[in-house]
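Please consult the sequence and the coordinates as you read.

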Amino acid sequence: MLSMICIILTLLASVLVILAVLVQNPKSGMAANFGASNQVMGVRETTNFLEKFTWTMAISIAVLSLVATVAMGGGTYEGNSEISNDVKALQEQTIEGQLPAMPQAEIPAEEVPADAE
């Protein structure tokens with residue numbers, strides 16, 4: 001349950017990071033040359049907020065990922081019981097030597113073109 005909550009929060013934080021990065025003004029490059037007014041009424045404070053928000057979300061994604069990993073534990077996945085029973089039976093037969101060896105693919109002989117001779 002905890003791992004599912006962490007995964008959902010991680011997805012939400014990831015979407016928020018994507019939106020925050022898209023809203024930010026580019027600091028350099030060709031796109032920055034076309035932006036004439038970067039210093040208009042509080043743009044600097046908005047940039048600081050977006051940068052802090054981006055870093056906070058990135059750190060929260062890392063922490064939530066670690067918490068989800070720990071919450072999942074090191075248990076094994078049981079899945080479909082019929083398939084796992086078949087796999088166990090095949091493994092036992094292979095260990096006991098009841099199954100024949102894997103068939104080998106036939107490698108075709110190289111054909112020599114008539115022009116090469």
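Two residues are taken to be in contact when they have heavy atoms within 4.5 Å of each other. The model is predicted. In it, T54 touches V17, A20, V21 and Q24, residues up to four places away in sequence being left out of the count. T54 belongs to helix α3, which spans residues 43-72, whereas helix α1 comprises residues 2-23. The points below describe α1 first, then the contacts of individual residues, and finally the surface.

- Helix α1 has 22 residues and extends 32 Å from its first C-alpha to its last, close to the 32 Å expected at 1.5 Å a residue.
- The buried residues in α1 are S3, C6, T10, A13, V17 and A20. They lie on the same side of the helix because they cover an arc of only 95° around its axis.
- An α-helix has 3.6 residues a turn, so residues three or four places apart point the same way.
- On the face of α1 turned away from the buried side are the exposed residues I8, L11, I18, L22 and V23.

**Buried residues and their contacts**
- T10, located in helix α1, has a relative accessible area of 15% and is therefore buried, the cut-off being under 20%.
- Apart from residues up to four places away in sequence, T10 touches I61, L64 and S65.
- M57 is part of helix α3. Its relative accessibility is 15%, so M57 counts as buried.
- When neighbours within four places in sequence are set aside, M57 is in contact with A13, L16 and V17.
- M57 and I18 are separated by 39 residues in sequence, and their C-alpha atoms are 10.0 Å apart in space.
- T54 is likewise buried, because its relative accessible area is 16%. Among the residues that T54 touches are V17 and A20, both of which are buried in α1.

**The nonpolar surface patch**
- Which residues form a nonpolar patch on the surface? They are M1, I5, L9, L12, V15, L16, I18, L19 and L22, with about 900 Å² of accessible area together.
- L19, a member of this patch, is found in helix α1. It counts as partly exposed because its relative accessibility is 46%.
- I18 and L22 also belong to the patch, and both are among the exposed residues on the face of α1 turned away from its buried side.
- L16 is one of the patch residues and is also in contact with M57.

Conventions
Residues are numbered from 1 along each chain as its sequence is written. This is a predicted model: local features need pLDDT of at least 70, side-chain atom pairs count only at pLDDT 80 or more; totals for chains, interfaces and linings use all residues. Side-chain values use heavy atoms; hydrogens and water are left out. Patches are made of residues with over 30% relative accessible area and no salt bridge: like charges are joined within 9 Å, nonpolar side chains (Val, Leu, Ile, Met, Phe, Trp, Tyr) within 5 Å. Accessible areas come from the Shrake-Rupley method with a 1.4 Å probe; for residues, only the protein chains shown count as cover. A salt bridge is a side-chain nitrogen of Lys or Arg within 4 Å of a carboxyl oxygen of Asp or Glu. Helices (H or I, at least four residues) and strands (E, at least two) are DSSP runs, numbered from the N terminus. Buried means under 20% relative accessible area, exposed over 50%, partly exposed in between (1.4 Å probe, protein chains only). The expected span of a helix is 1.5 Å times one less than its number of residues. The arc is that of the directions from the helix axis to the C-beta atoms.
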